[in-house]
Amino acid sequence: MDQKKLKTFRDRLVQKKVEILDAYNKNKTYGKEADGEGAQDIADKASSSYTKEFLFSLSNSERDQLQLVDEALGRIDHRRFGTCVACEDEMNLKRLEAVPWAKHCISCQEKQEQGLL
Ligand SMILES: [Zn+2]
């Protein structure tokens with residue numbers, strides 16, 4: 001995959017991460033005075049290492065998605081992005097465009113959903 005495409009995917013993944021953290025932060029600060037801390041700051045603070053408490057306080061779906069997004073960012077760094085983690089086939093670009101954090105190709109995804117992977 002060329003660098004330009006990779007960068008586009010990276011941007012979308014980072015944006016998704018910010019969205020998850022922002023939604024989490026809004027929930028958490030509900031009822032409190034909203035301060036000026038932007039989602040980007042939170043993403044920066046949280047990016048290097050998540051504390052156990054932080055991860056624990058996320059809902060399961062937020063945590064799962066955050067993990068998928070982080071793994072996808074890691075695959076970009078390790079030049080493995082766009083390759084199915086199970087069968088190592090190249091993934092369909094349309095699938096990646098729809099779900100940039102997908103880690104399985106469609107056939108492996110189906111196997112996983114059926115509990116065969
Ligand atoms: Zn596969």
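I take a residue as buried when its relative accessible area is under 20%, as exposed when it is over 50%, and as partly exposed in between. I note at the outset that the model is predicted.

**Entry 1: the zinc site**

I looked up Cys-87 and found a relative accessibility of 34%, so I record this residue as partly exposed. Cys-108, by contrast, has 3% and counts as buried. Both residues coordinate the zinc ion through SG, as do Cys-84 and Cys-105, at 2.3 Å. I then checked the geometry: the angles among the four donor atoms run from 106 to 115°, and the site is tetrahedral. Along the sequence, I read the spacing of the donor residues as C-x2-C-x17-C-x2-C. Cys-87 belongs to the loop between α4 (60–77) and α5 (93–98), while Cys-108 belongs to helix α6 (residues 106–113); the pair therefore ties together parts 21 residues apart in sequence.

I found Phe-9 buried at 4% relative accessible area, and Phe-81 buried at 7%.

**Entry 2: Arg-75**

I located Arg-75 in helix α4. Arg-75 is buried but has no salt bridge; Glu-71, the nearest side chain of opposite charge, lies 4.3 Å away. Beyond its neighbours within four places in sequence, I listed contacts of Arg-75 that include Phe-81, Val-85 and Trp-101.

Methods:
Residues numbered from 1 in each chain as written. Predicted model: local features only at pLDDT ≥ 70, side-chain atom pairs only at ≥ 80, totals over all residues. Heavy atoms only, no water. Donors = N, O, S within 2.8 Å, 3.2 Å for Na, K, Ca; no water. Tetrahedral: all angles 85-135°; square planar, octahedral: opposite > 155°, others 65-115°. Helix = DSSP H or I, 4+ residues; strand = E, 2+ residues; numbered from the N terminus. Buried < 20%, exposed > 50% of the residue type's maximum accessible area, 1.4 Å probe, protein only. Lys, Arg positive; Asp, Glu negative; His and termini not counted. Salt bridge = Lys/Arg side-chain N within 4 Å of Asp/Glu carboxyl O. Contact = heavy atoms within 4.5 Å.
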